Number of protein chains: 2
Amino acid sequence: MDRKQKEVISWIKKSETEAVELLQRFIREPSTQMNEAGIQNLVASKLDSIGCTVDMWEPGGEELTNHKAFISPRGNFTGSPNVVGVKKGKGKGKSLVLNGHVDVVPEGDLKDWHTDPYSGEFRDGRIYGRGATDMKGGNVAMLLAMEALHECGVQLKGDLIFQSVIEEESGGAGTLAAILRGYTADAAIIPEPTNMKIFPKQQGSMWFRLFVKGKAAHGGTRYEGVSAIEKAQCVLNELRELEAVRNKRIKDPLYSQIPIPIPINVGVIEGGDWPSSVSDLVKIEGRCGISPDETVEEVQEEFCNHLNRLAEKDPWFMDYPVDIEWFGARWLPGAIPQDHPLLSILTKQYEHICQQPPKVEASPWGTDGGLLTNIGNTPSIVFGPGVTQMAHFSNEYIELSSVLDCAAIITLTIMDWCEQPKEDQSDEKTSAG
Amino acid sequence: MDRKQKEVISWIKKSETEAVELLQRFIREPSTQMNEAGIQNLVASKLDSIGCTVDMWEPGGEELTNHKAFISPRGNFTGSPNVVGVKKGKGKGKSLVLNGHVDVVPEGDLKDWHTDPYSGEFRDGRIYGRGATDMKGGNVAMLLAMEALHECGVQLKGDLIFQSVIEEESGGAGTLAAILRGYTADAAIIPEPTNMKIFPKQQGSMWFRLFVKGKAAHGGTRYEGVSAIEKAQCVLNELRELEAVRNKRIKDPLYSQIPIPIPINVGVIEGGDWPSSVSDLVKIEGRCGISPDETVEEVQEEFCNHLNRLAEKDPWFMDYPVDIEWFGARWLPGAIPQDHPLLSILTKQYEHICQQPPKVEASPWGTDGGLLTNIGNTPSIVFGPGVTQMAHFSNEYIELSSVLDCAAIITLTIMDWCEQPKEDQSDEKTSAG
């Protein structure tokens, strides 16, 4: 490392207490959906204090809500602002988006928590609370990196664009809004909880809802009806077969350690309303993984075709085909080439800090990286300090040491990437606002 | 037929209009659970007008609610009276219970009805409304029979006991209360909707509730969890296997026309609450048929043993066995011997009226006949005018002609049965109240 690199790393090491306090302040803002204004004010103020031009706005408008990639349970984001902070570079360097979401999933049953989920308790090197891992810890790592550069007086060539977005947990409307407002760059890092693995590819996913039909009858003469619950079993078997077919195609070595690269998960089943009746309707809801090599439309077509083939196995489905809806959330898959320069820079800087090579895999879940890569034309890598298994669970926590390590790696990556000369053939990407 | 027989049959034929009006008055009392007082007042008044001693009481007390055969979603029957009318005989003849329930199941979605379900519309020979078939039509047939005997001055040797009970749809607490109050006899007829088939045996049934466990995980890494929905499929398969085993044993020729004599019907399935999560709990509710040759306890033991064997097929069930509850409704099975004299009398009188032999089968559902036969020591036959397929459905109706035919058959049966000499060895059964 050169002198400047050593200086920023040293600054980060000394900022342990500040990092804990910032993360605690973030956790103490219970930023579930519709409640993001508090934390966004904190983020805006922090970005302002480290020399960024700050843009804070409530997403909305037809360009957003009519966009083909828009998906959200709501169409109005009043009171739920996005925040973007731009640190302009000197010019001619590559720009970088640092993207993190502030929305957290609900805390669930309080009885399952050993502490107040919004207390931000710091104990034994861990900070506890809803969002600690997913992904306020990652956001703090990025802010620490930017602050280190600011405090150490590092002048970058490329622009640095910090996106603090809403709605990731619901499909990414916040990031889509940031993209549509012009906040794109030559590449992006998203520190979702990867346990410090590097994910140049991310599985996408979308939700499906199926209605399986039957014919009602009294349970005592159940042979006079057709049980939608029995027919639902055929559908579940078909989904497992489809999952097998789809995963057999995946040859990407990044998936070699993953038992089912693109799972089809059935999460909800509901049918019938009376024990003595033959049920005539079953609802099935689930999540279908999308590989980075597929489009949403391709997957939907294969999914529908496969379920339509049920009619060949069972004539019931000829007359009563399964109703298929795509509803609720959807996350686009994302992928950058294996030889993308950001990947090699991030790998190199990881090795600098951690003294070992990183694990490079494909993520088993979607992130806003799909939107940035595909819609924002901003190749994205997901890499962050939290542990996936803690996300969405009670007693969520993050290790302080991993936040600091991640901050250091991101800092060095920024210093490397934003000094790379902007290629002539690339679009002249600049930040708006 | 002798002169007296011809006279009562002629009286019934002339009473068509009265039969329609009585059934309409019954249907216009929407006697769903908790709302039976209105119709019971009508029944009591009718019984009084045809020379019966009337007993009207609200069931209750520990003898009832602590009885091993008691089952009901409620323990308090205030406002829901039973009615019994007794027509004492001259003595030395066999007594007969005529049992009918006044409770009806809810009307369901009004949109599915072409008319007000409580209007009692009479059109094209049919009377429409909730309860027309199940079983106010049968009750009217019995009352018409008793009225015919009264109006024609027929003096019977044996006692006639009319039981107008609540709670049949919930497992028979009304009939159990009548039995415990002393209203039993040498035999009983229950005109549930058999489409004029004679059911000397009735399938019993009881409800079960199963909880199938899994292990939660994110759907994107579903292989880290265990899907309770997948495990529920194993349980459903096991239930079908159990149903096959149980039905293979049934050799009774009365079941020869019935595809599945004692079905296991799964009516409800509910599991999971999020499409992107692996569900960790599925609830299954259903109805298990009980053959007339089995006890409730035997069936429960076989059922539990069979599900416990899942652990041999899948070690998951070793650590997480299926929770089994018996809940809600239960109907005891019932059977009388093939050579029971009431069966031959009823068959003979059916042939008199219908000019063809009746269909004699085992019923695919339980009735209060199980309680009367097994707890009340009153051998019961189920035989009535309604059509099973209309019971519990929208646009329920009954054919007036079948009500009148049934009334005529029951009248002749009463005249025959209650003239049979009371056997010395039989218990001296008399009516209380």
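User: How do α1(A) and α13(A) lie relative to each other?
Analyst: Helix α1 (residues 3–14) of chain A packs against helix α13 (residues 400–417) of chain A at an angle of about 155°, with the axes 10 Å apart. Axes are lines fitted to C-alpha atoms, for helices over the stretch in contact, and angles run from 0 to 180 degrees between N-to-C directions. Under 35 degrees counts as roughly parallel, over 145 as roughly antiparallel, 65 to 115 as roughly perpendicular, and the rest as oblique. Therefore α1(A) and α13(A) are roughly antiparallel.

User: Which pLDDT do local features need?
Analyst: Residues are numbered from 1 along each chain as its sequence is written, while chains are lettered from A and ligands numbered from 1 in the order in which they are written. Side-chain values use heavy atoms, leaving out hydrogens and water; this is a predicted model, in which totals for chains, interfaces and linings use all residues, side-chain atom pairs count only at pLDDT 80 or more, and local features need pLDDT of at least 70.

User: What is the handedness of the crossing where α1(A) passes α13(A)?
Analyst: Look at how the near helix is turned from the far one, by less than a right angle. Anticlockwise is left-handed, and clockwise is right-handed. The crossing of α1(A) past α13(A) is right-handed.

User: How many residues of the contact of α1(A) with α13(A) are nonpolar, polar and charged?
Analyst: From α1(A), the contact residues include A:Val8 and A:Ile12, and from α13(A) they include A:Leu404 and A:Met415. Contact means heavy atoms within 4.5 Å. Ala, Val, Leu, Ile, Met, Phe, Trp, Tyr, Cys and Pro count as nonpolar, Asp, Glu, Lys and Arg as charged, and the others, Gly among them, as polar. The division is 8 nonpolar, 2 polar and 1 charged.

User: How do α11(A) and α13(A) lie relative to each other?
Analyst: Helix α11 (residues 341–354) of chain A meets α13(A) at an angle of about 135°, with axes 9 Å apart. Their crossing is right-handed. The pair is therefore oblique.

User: How do α1(B) and α5(B) lie relative to each other?
Analyst: In chain B, the axes of helix α1 (residues 3–14) and α5(B) come within 9 Å and cross at roughly 125°. That angle makes α1(B) and α5(B) oblique.

User: Which residues of α1(B) make the contact?
Analyst: The crossing of α1(B) and α5(B) is right-handed. On the α5(B) side, the contact has B:Leu144, B:Glu147, B:Ala148, B:Leu149 and B:Glu151. On the α1(B) side, the residues are B:Val8, B:Trp11 and B:Ile12.

User: Where is A:Met135 found?
Analyst: The peptide bond from A:Asp134 to A:Met135 is cis, with omega near -5°. Helices (H or I, at least four residues) and strands (E, at least two) are DSSP runs, numbered from the N terminus. A:Met135 sits in helix α5 (residues 132–151) of chain A.

User: What is omega for the bond that joins B:Asp134 and B:Met135?
Analyst: B:Met135 has its place in helix α5 (residues 132–151) of chain B. The peptide bond joining B:Asp134 and B:Met135 is cis, and its omega is about -10°.

User: What is the phi of A:Asp124?
Analyst: A:Asp124 lies in the loop between β4 (122–123) and β5 (126–128) of chain A. A:Asp124 is not a glycine, yet its phi is positive, about 55°.

User: How far apart are the C-alpha centres of domain 1 of chain A and domain 2 of chain A?
Analyst: Chain A is assigned domain 1 (3–202 + 333–417) and domain 2 (205–331). Such bounds come from an automatic or database domain assignment. The distance between the two C-alpha centres is 35 Å.
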